[in-house]
Amino acid sequence: MERIMDLPTLLRHAFREMFSVGGLFWMFRIRIFLCLIGALLYLASPLDFLPEALFGILGFLDDFFVIFLLLIYISIMYREVVTQRLNR
């Protein structure tokens, strides 16, 4: 529950830092970029776990749940980078 509550703040700081000059490591940036591309491709793909044509709103909820999980994953990665930076 704590990770979900921290999600908006951590994502805002992560995206702000992603485009700064001294920002995060390139591998971290690439992982976030690939997660976002994967989420967009999943959202645009006609192949779903629960297709919208058959399940209606439940199919859309499936798409948004996958994107929500990817945003949580991005915030977890950012939290790890910040804690590693503080421990140095």
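**A walk along helix H4**

Leucine 58 counts as partly exposed because its relative accessibility is 42%, with partly exposed covering the range between buried (under 20% relative accessible area) and exposed (over 50%), using a 1.4 Å probe and protein chains only. This is a predicted model, where local features need pLDDT of at least 70 and side-chain atom pairs count only at pLDDT 80 or more, while totals for chains, interfaces and linings use all residues. Residues are numbered from 1 along each chain as its sequence is written, and side-chain values use heavy atoms, leaving out hydrogens and water.

Leucine 58 sits in helix H4; helices here are DSSP runs of H or I with at least four residues, numbered from the N terminus. H4 runs for 31 residues and spans 45 Å from first C-alpha to last, close to the expected 45 Å, which is 1.5 Å times one less than the number of residues.

So what does H4 bury? Among its buried residues are Gly59, Asp62, Ser75 and Tyr78.

Key. Helices (H or I, at least four residues) and strands (E, at least two) are DSSP runs, numbered from the N terminus.
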